[in-house]
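Please consider the numbered points below alongside the model.

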Amino acid sequence: MHLSLRQLRVFEAVARHNSYTRAAAELHLSQPAASMQVRQLEDEIGLPLFERLGKQVVLTEAGREVFQSSRLINQSLREMQEVLESLKGVSRGSLRIAVASTVNYFAPRLLAIFQQRHPKIGLRLDVTNRESLVQMLDSNSVDLVLMGVPPRNVEVESEAFMDNPLVIIAPPDHPLAGERTIPLARLAEETFVMREEGSGTRQAMERFFSERGQTIRHGMQMTRNEAVKQAVRSGLGLSVVSLHTIELELETRRLVTLDVEGFPDRRQWYLVYRRGKRLSPAASAFRDFVLTEAAVIAAPANLDAV
């Protein structure tokens, strides 16, 4: 068989996403170009690799076999690239970083300073949700991840690098605004605007209340931090958010934090990568930079106010 690495790379991305559209976006291809690469691979193998179930593409038995092999091939190529970059030294190379959407409130500050110090290192930043971050770690398709609680179902190395204070926010005219040491049980009377299922912030929020035997009333569900803040400002409920996401709103008094028993809930941000991964000099330099300097560069300015 005359298989090309490009065909295997496109196929692996389609299989991982179960979608030609998302795979094409990841690889910066058009959807027809991605489909053509997979068709050529199927023609060379002589077996169909996908079947369609409605709008979703699903691997056939042959597809599952090729997927396992293509993942090993792609991983070997990535490791080879990392070794070659290590021979170039830390002054050069490339670095792919993925961050949770909440981390993106401070990640650009970190990347800007790191890029100033290492201008010849090419940086790629992916901002996505927790589910996608876990998939990236599982497939070893990213160098480093900045996120909240590290996944338990993927073998990873994780290192805490900065506090992540979770606070309860409300509009300035809320009846509880300005009250001191509000009992946690009082919040049972309030409605909460929620992040989507699987969100790290939502998981931390639900765990906090569950551990204390408290239940909260769920209101609207949002997939973005900005939407959550707008909903709270509009009076649709309270919410629990990372302090990193509301620095501007606190400064302009568009939102306030409530002085609730047990809050701020001090969690951690983690730098995470796949266990056993051989970090390139560029990745090692960024890891050291984050662990030693991120807490100073990116700590919330309003930390003392909550």
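1. The largest pocket holds about 720 Å³ of space. A pocket is an open set of points on a 1 Å grid over the protein atoms alone, with protein on both sides within 12 Å along at least five of seven lines. Its lining comprises 29 residues, of which R9, R78, Q81, R96 and S141 are closest to the centre; lining residues have an atom within 4 Å of a point.

2. This is a predicted model, in which local features need pLDDT of at least 70 and side-chain atom pairs count only at pLDDT 80 or more, while totals for chains, interfaces and linings use all residues. Residues are numbered from 1 along each chain as its sequence is written, and side-chain values use heavy atoms, without hydrogens and water.

3. Two or more residues of the pocket lining come from each of α1 (5–17), α2 (20–27), α4 (61–88), β3 (93–100) and β4 (121–128). Helix α1 gives the largest share, 7 residues. Helices (H or I, at least four residues) and strands (E, at least two) are DSSP runs, numbered from the N terminus.

4. By class, the pocket lining has 12 charged, 9 nonpolar and 8 polar residues. Asp, Glu, Lys and Arg count as charged; Ala, Val, Leu, Ile, Met, Phe, Trp, Tyr, Cys and Pro as nonpolar; and the others, Gly among them, as polar.

5. The structure also holds 1 cavity of 30 Å³ or more, a cavity being a set of points where a 1.4 Å probe fits but cannot get out. The volume of the largest cavity is about 50 Å³, a volume being the space filled by probe spheres set on the points, which are joined across faces, edges and corners.

6. Residues lining the largest cavity include V193, M205, N225 and V241. At least two lining residues are supplied by each of β7 (191–195), α7 (200–211), α8 (225–233) and β9 (239–242). The cavity lining divides into 6 nonpolar, 3 polar and 2 charged residues.
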